[in-house]
Amino acid sequence: MAEGNFAYRIPRTGNDDELEALTVLVNWMAEEMKESVFHGGYVNPHFSYRYIVQSSYILDCNFALKNFSADVPNLLGFESNDLLGQDFTGILTKKSSLLWETVKTEMVQNESYHTTVPLEFSTFDKLLIPAYCSISKLCQSTDIVISSFFAIVEDIKEKKTFSSEAVTAEEQKIHNYLDVKSTQAVYDYILTHMDSTLPTLKELSRLFGTNEYKLKNGFRHLFKITIQQFYNNERLKRSQLLIKDTKIPLKTIAIMAGFSTYPNFSRAFKIKFGYSPTNMARRSSI
């Protein structure tokens, strides 16, 4: 766990002592950390990530595009004829163009030059696609080969595949860096205040320096769930752990989960997990 492997769990001994109780708490903490770390602010659970060498570019001695892999025109949104002969700088952002000038200078000075650098490509629609690029000269040739490593994301729910950083103009209005950071902060806040009543959307937006529209839509966009649904799901998941690993009465757990009556809790629990709290096996050692 100290090395970041939050999927690891300490084996249970079954003894009714303080060490066993501590084991339950540590495993519980690891579960919470796993849920809070590996999400949309860092890794979105609704996305699956595939890292592949997707695109290749061949440049001539003047650093113009001589050839490229078949996927490049579709990826960048250009016609093949528009790309052929174009200076490589033409498909890079201004920031990456400056880095590319440094690479060019070093390549001219070193015949066996090879490097890997992060570059940002600019599509026809002015979307930004960052990639790690391996750059080197071909043997017995003045041509230069560039292989780009793209992070390809598949939306599990909508089954859409796209570059992880390609953002439309409308999305950019809602999901710039500060908006994502504040949305992430709300996510973390909810996880650390599960024993408190969920503040209203207006209160949350004021607390984290954003507005209700950005927070509501940003949260749904990043985590594929509303704030209220996320809060309810997390409380139910916590109640599931309490039922499994403690002797706390079910009615008390229902109150701890924010439900005024046990029947309401039982109904929500069954909808979430497919079985009622009374059908869940409980450990007898704690």
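Tutor: A cavity here is a set of grid points where a 1.4 Å probe fits but cannot get out. The model is a predicted one.

Student: OK, how many cavities of 30 Å³ or more are there?

Tutor: The count is two.

Student: What volume does the largest cavity have?

Tutor: About 60 Å³.

Student: And which residues line the largest cavity?

Tutor: M194, D195, R235, R238, S239, L242, I253, M256 and A257. Two elements, α9 (227–245) and α10 (250–256), each give two or more residues to that lining.

Student: Which element gives the most?

Tutor: α9, with four residues.

Student: How does the lining of the largest cavity split by class?

Tutor: Five of its residues are nonpolar, one is polar and three are charged.

Student: Now the second largest cavity. What volume, and which residues line it?

Tutor: Its volume is about 40 Å³. The lining consists of Y189, I190, H193, S196, T197, L198, P199 and Y231.

Student: Switching to strands. How do β3 and β4 run, and how many bridges join them?

Tutor: They run antiparallel, with nine bridges between β3 (residues 114–122) and β4 (residues 128–137).

Student: Which residue in β4 is the bridge partner of L119?

Tutor: A131.

Student: What about the residues between the strands?

Tutor: The hairpin of β3 and β4 has five residues there, and K126 takes a positive phi near 65 degrees.

Note on methods: Residues are numbered from 1 along each chain as its sequence is written. This is a predicted model: local features need pLDDT of at least 70, side-chain atom pairs count only at pLDDT 80 or more; totals for chains, interfaces and linings use all residues. Side-chain values use heavy atoms; hydrogens and water are left out. On a 1 Å grid over the protein atoms alone, a cavity is a set of points where a 1.4 Å probe fits but cannot get out, and a pocket is an open set with protein on both sides within 12 Å along at least five of seven lines; lining residues have an atom within 4 Å of a point. Grid points are joined across faces, edges and corners, and a volume is the space filled by probe spheres set on the points. Ala, Val, Leu, Ile, Met, Phe, Trp, Tyr, Cys and Pro count as nonpolar, Asp, Glu, Lys and Arg as charged, and the others, Gly among them, as polar. Two strands pair if DSSP finds at least two bridges between them.
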